[in-house]
Amino acid sequence: MAERRMTFRHIEAFRAVVATGSMTEASRRLHTSQPQVSRLIAQLETITGLPLFDRSGSRVVPSLDGTRFHAEVERAFVGLTSLEFAAARIRAFGTERLRVAAMPRLAGGLLARAVVRFRAAHPDVTVAIHSGDDETVNHWLATGSCDAALTMLYGDAPEARAEHVETRACVAVLPRDHPLTARAALAPADFNGVPFVAASLGSALRGRTEAIFEAAGIGLTITAEAGLGASICTLVSAGLGVSVMNPLAAHEEAKVSPIAIRPFAPALPVHFALLFPPDHARGRLMRAFGACARTVLLEELAQLPDAASGRPADGAQAARFSAPA
């Protein structure tokens with residue numbers, strides 16, 4: 001019997017299950033039966049040799065292997081989407097189009113608002129927004145799948161050219177009823193022995209945070225990890241620990257989660273920047289979009305209250321931004 005090969009139908013079912021968290025909901029989205037979706041997922045797990053989902057009752061969530069596989073699938077679909085739009089562009093005799101990206105928080109808020117402002121001035125330009133983690137966004141830029149990205153950097157921008165917008169310092173986030181909220185500002189020594197919700201292992205924020213605590217001679221008591229600022233704040237508000245994160249995400253989450261925000265020192269700088277592919281010439285439209293994105297980001301940062309601004313209390317500049325020339 002011939003070995004079964006992976007097909008688009010397998011991937012389509014996989015993406016639908018990840019998006020809905022349910023075989024039944026995925027079948028409705030794909031206009032097929034639940035048993036058919038279950039068979040496709042089972043076949044895909046056999047083909048890949050990976051346990052793609054953890055099952056709990058009627059709910060299914062991606063396993064660690066499934067999450068990694070999904071990231072690769074989404075990268076591939078960006079390329080596929082680009083081909084579809086290229087064909088449409090040819091049919092439309094060369095209609096202009098920009099592809100921009102950001103991490104989920106920025107893509108759904110700041111980047112979308114920048115696109116709205118840009119489209120008001122350039123109504124004939126199609127703008128496609130993609131969202132992914134920082135590694136995925138950098139991959140899209142390096143391969144030319146995206147024309148620009150709005151990002152937060154805790155170090156250099158790999159394989160991309162960066163245009164700095166503004167630097168702020170990360171802040172501490174705590175449950176509102178935590179004893180440390182009595183303090184006006186916090187330092188690593190205040191977190192000695194305190195449960196800590198960390199950024200994902202291997203992320204730039206995690207590395208910079210660990211370096212600051214190590215330099216202070218304080219060991220982190222990590223109780224949970226999360227890759228998104230929203231997830232970190234949810235865990236903090238639930239009482240799993242305290243954390244350190246960028247002020248923009250902290251301020252946004254404080255609107256919907258019971259968390260408190262305090263300045264944190266020594267400064268852990270976060271650089272808000274626009275990224276462009278290496279060796280990529282920026283045309284008129286890309287420069288115009290960059291100007292819109294810069295304006296929207298500065299407006300948003302200017303609205304942060306003092307307690308969540310991430311500005312050093314003495315007005316000192318945060319560490320100088322470093323990026324490839």
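A residue is called buried when its relative accessible area is under 20%.

**Figure 1. Overview of the predicted model.** The structure shown is a predicted model. Buried residues account for 44% of the 325 residues in the protein. The protein has 10 helices and 12 strands. Of the contacts with a separation of 6 or more, 75% are between residues 24 or more positions apart.

Figure 2. A pair of aromatic rings is described by how far apart the centres are and by the angle of the planes. Eight aromatic pairs are found when the whole structure is searched. One of them joins phenylalanine 191 and phenylalanine 264, which are stacked with 6.0 Å centre to centre and 15° between the planes. Phenylalanine 191 is in the loop between strand S7 (171-175) and strand S8 (195-199), while phenylalanine 264 is in the loop between strand S11 (259-263) and strand S12 (269-276). The two residues are 73 residues apart, and their pair links distant parts of the chain. Phenylalanine 191 counts as buried because its relative accessibility is 2%. Phenylalanine 264 has a relative accessible area of 6%, so this residue is buried too.

Phenylalanine 264 also forms a stacked pair with phenylalanine 213, with 6.0 Å centre to centre and 20° between the planes. Phenylalanine 213 lies in helix H7 (residues 204-215) and phenylalanine 264 in the loop between S11 and S12, so this pair ties together parts that are 51 residues apart in sequence. Phenylalanine 213 and phenylalanine 264 are both buried. Ring pairs join Phe191, Phe196, Phe213 and Phe264 into a cluster.

**Figure 3. The crossing of helices H1 and H3.** Two packed helices are described by the distance between their axes and the angle between them. Helix H1 (residues 8-20) and helix H3 (residues 34-48) have axes that come within 9 Å and cross at roughly 110°. The range from 65 to 115 degrees counts as roughly perpendicular, and H1 and H3 are therefore roughly perpendicular to each other. On the H1 side, the contact is made by Arg9, His10, Ile11, Ala13, Phe14 and Val17. On the H3 side, the contact is made by Val37, Leu40, Ile41, Gln43, Leu44 and Ile47. Sorted by class, the contact of H1 with H3 has nine nonpolar, two polar and one charged residues.

**Figure 4. Leucine 44 and its surroundings.** Leucine 44 is part of helix H3. Its relative accessible area is 0%, so leucine 44 is buried. Leaving aside residues up to four places away in sequence, leucine 44 touches Met6, His10, Ile11, Phe14, Leu52 and Phe69. Leucine 44 and arginine 9 are 35 residues apart in sequence, and 9.8 Å separate them in space, C-alpha to C-alpha.

Figure 5. An open sheet is formed by five strands in the order S4-S3-S5-S12-S6, with mixed pairing. At its edges are strand S4 (126-131) and strand S6 (161-169), each of which pairs on one side only. From one strand to the next, the twist averages 20°. Strand S3 (residues 97-102) and S4 run parallel and are joined by six bridges. Opposite alanine 102 stands serine 131 in S4. Helix H10 (residues 284-302) lies across S3, strand S5 (148-153), S6 and S12, and runs at about 5° to S6.

**Figure 6. The hairpin of S1 and S2.** Strand S1 (residues 53-56) pairs with strand S2 (residues 59-62) over four bridges, in the antiparallel sense. Phenylalanine 53 is opposite proline 62 in S2. The hairpin has two residues between the strands, and glycine 57 takes a positive phi near 65° in the hairpin.

**Figure 7. Helix H6 and the glycine that follows.** In helix H6 (residues 134-142), the buried residues are Thr136, Val137, Asn138, Trp140 and Leu141. After H6 comes glycine 144, with a positive phi near 80°.

**Figure 8. Serine 257 in its loop.** Serine 257 is located in the loop between helix H9 (247-254) and S11. With a relative accessible area of 8%, serine 257 is buried. Serine 257 touches Arg176 and Ser237, when residues up to four places away in sequence are not counted.

Notes: Residues numbered from 1 in each chain as written. Predicted model: local features only at pLDDT ≥ 70, side-chain atom pairs only at ≥ 80, totals over all residues. Heavy atoms only, no water. Phe/Tyr/Trp six-rings, centres within 6.5 Å; stacked < 30°, edge-to-face > 60°. Buried < 20%, exposed > 50% of the residue type's maximum accessible area, 1.4 Å probe, protein only. Axes fitted to C-alpha atoms, helices over the stretch in contact; angles between N-to-C directions. Parallel < 35°, antiparallel > 145°, perpendicular 65-115°, else oblique. Contact = heavy atoms within 4.5 Å. Nonpolar A, V, L, I, M, F, W, Y, C, P; charged D, E, K, R; others polar. Pairing = 2+ DSSP bridges.
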